[in-house]
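User: I'd like a close look at one part of this model. Here it is.

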Amino acid sequence: MASSTSNAFDATTNGAVGTPAQDSRADIAMSVLNNTISVVKHIQNVIPFDIAKGVLSSVTDILTTVKDFVKNRDDFLDLVQQCRRIAGILEQAQSGPSVADAAVTNAISNLRSSVESIQVTVTNKTQDSGGNRLFNVVIDKENVAGWQKQLDSSLQFFIAEMALATNNALAIRNMAETLTAGEAVPDALPSPPTVFFGRSELIDQVSLALLECEHVALIGSGGMGKSSIAAAVLRSDGILKRFNDRRYFVRFDDINPAQITPATFLQRVSRALGIKSSEVEPHTLISRHLSSSETLVVLDNGESFQDGSSGDPQGRIASAVIDFSNIPGVAILLTTRTATIPFACRRITVPTLEEKNACAVFMKIYPNFADP
């Protein structure tokens with residue numbers, strides 16, 4: 001029984017335990033909201049102008065209300081990206097003329113009025129007649145689309161006014177286009193494993209190392225549950241508290257190792273981090289993003305890019321991973337079948353499950369199974 005159970009577990013782990021479930025728009029929406037709120041608050045803290053801070057305070061209130069009280073958050077994704085764009089434009093605008101300039105003050109004031117109008121409306125939609133907050137409110141898509149149009153018009157007007165104030169329309173419009181090109185939705189995290197036994201101590205060990213700013217490599221043969229362990233680590237209490245929405249999962253299990261080049265590797269990482277392609281070199285964009293706050297990145301199925309030597313004869317992928325691992329505040333969790341690791345890290349070999357845990361997994365997957 002022990003032998004057949006262990007073999008069955010190895011054969012089914014990748015399907016029932018190791019492979020992430022299909023990403024949902026709800027997960028993406030929550031991730032985008034958390035990330036955008038963090039970015040907007042950061043910009044609000046660093047810009048020196050009170051009037052611009054007021055705009056971003058209202059933006060934060062809109063995003064927080066949607067996150068905490070609205071059920072159909074996924075309908076707000078485009079609006080959330082517009083809010084992020086507002087924050088980015090205001091951050092860039094602080095390097096322009098003084099806010100004391102009447103034209104600049106007027107431009108920001110008009111933008112603030114539009115944002116505050118939407119803030120009040122969104123708040124009212126999530127309150128009852130007595131002013132009490134309601135949870136899981138569903139807001140009509142038509143309303144969301146109307147707010148999007150209102151914000152878009154306000155942004156276009158703001159950009160035009162700033163162009164007049166600075167006598168540099170081209171620079172302002174290029175700034176807006178650059179910010180728009182950099183916005184994207186990060187990949188949703190994999191769903192937690194539905195069948196999982198006997199890995200609690202390993203999850204704690206990995207989480208503790210990451211929280212102590214160590215990089216970790218989970219090493220083991222296929223079917224050992226490395227991806228499931230990584231998914232569980234991403235949702236452990238300490239990791240959630242430390243990294244919050246700065247947790248990313250980069251998959252390489254669906255690509256032929258021979259087809260992985262430095263360009264495809266960086267594209268995968270950029271997509272997972274929510275960075276759109278632009279004229280800026282992707283290595284630079286990724287480094288900037290990782291440098292902005294404490295970040296945990298899981299590189300899953302690392303053997304795929306480690307073994308793809310035919311597409312990377314000069315070792316540029318390994319150099320990129322080393323560069324990212326050297327950024328302060330970045331923790332990398334690598335899952336791999338090979339012991340060749342390009343960066344300094346704690347190496348943890350994933351052991352086979354004890355017989356009782358392997359049996360528990362098997363019976364969870366095949367509840368009607370019985371020995372003949």
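How are α12 and α14 oriented to each other, roughly parallel or roughly antiparallel?

Analyst: Some ground rules to begin with. This is a predicted model, where local features need pLDDT of at least 70 and side-chain atom pairs count only at pLDDT 80 or more, while totals for chains, interfaces and linings use all residues. Residues are numbered from 1 along each chain as its sequence is written, and side-chain values use heavy atoms, with hydrogens and water left out.

Now the helix pair. The axes of α12 (residues 282–291) and α14 (residues 316–325) come within 10 Å and cross at roughly 20 degrees. Axes here are lines fitted to C-alpha atoms, for helices over the stretch in contact, with angles running from 0 to 180 degrees between N-to-C directions. Helices are DSSP runs of H or I with at least four residues, strands are E runs of at least two, and both are numbered from the N terminus. So α12 and α14 are roughly parallel to each other (angles under 35 degrees count as roughly parallel, over 145 as roughly antiparallel, 65 to 115 as roughly perpendicular and the rest as oblique). The crossing of α12 past α14 is right-handed, meaning that the near helix is turned clockwise from the far one by less than a right angle.

Who does the touching? On α12, the contact uses His283, Ile286, Ser287 and Leu290, and on α14 it uses Ala320, Asp323 and Phe324 (contact means heavy atoms within 4.5 Å). Sorted by class, that contact of α12 with α14 has 4 nonpolar, 2 polar and 1 charged residues. Ala, Val, Leu, Ile, Met, Phe, Trp, Tyr, Cys and Pro count as nonpolar, Asp, Glu, Lys and Arg as charged, and the others, Gly among them, as polar.

For context, there's also an open sheet of 5 strands, ordered β2-β3-β4-β1-β5 with parallel pairing; two strands pair if DSSP finds at least two bridges between them. Its edge strands, β2 (247–250) and β5 (346–349), each pair on one side only. The twist averages 15 degrees from one strand to the next.

Further into that sheet, β1 pairs in the parallel sense with β4 over 4 bridges, and Ile219 stands opposite Thr336 in β4. β1 also pairs with β5, in the parallel sense over 4 bridges, with Ala217 opposite Arg347 in β5. From β1, Val216 and Leu218 point one way and Ala217 and Ile219 the other way, and all are buried (under 20% relative accessible area; exposed is over 50%, partly exposed in between, with a 1.4 Å probe and protein chains only).
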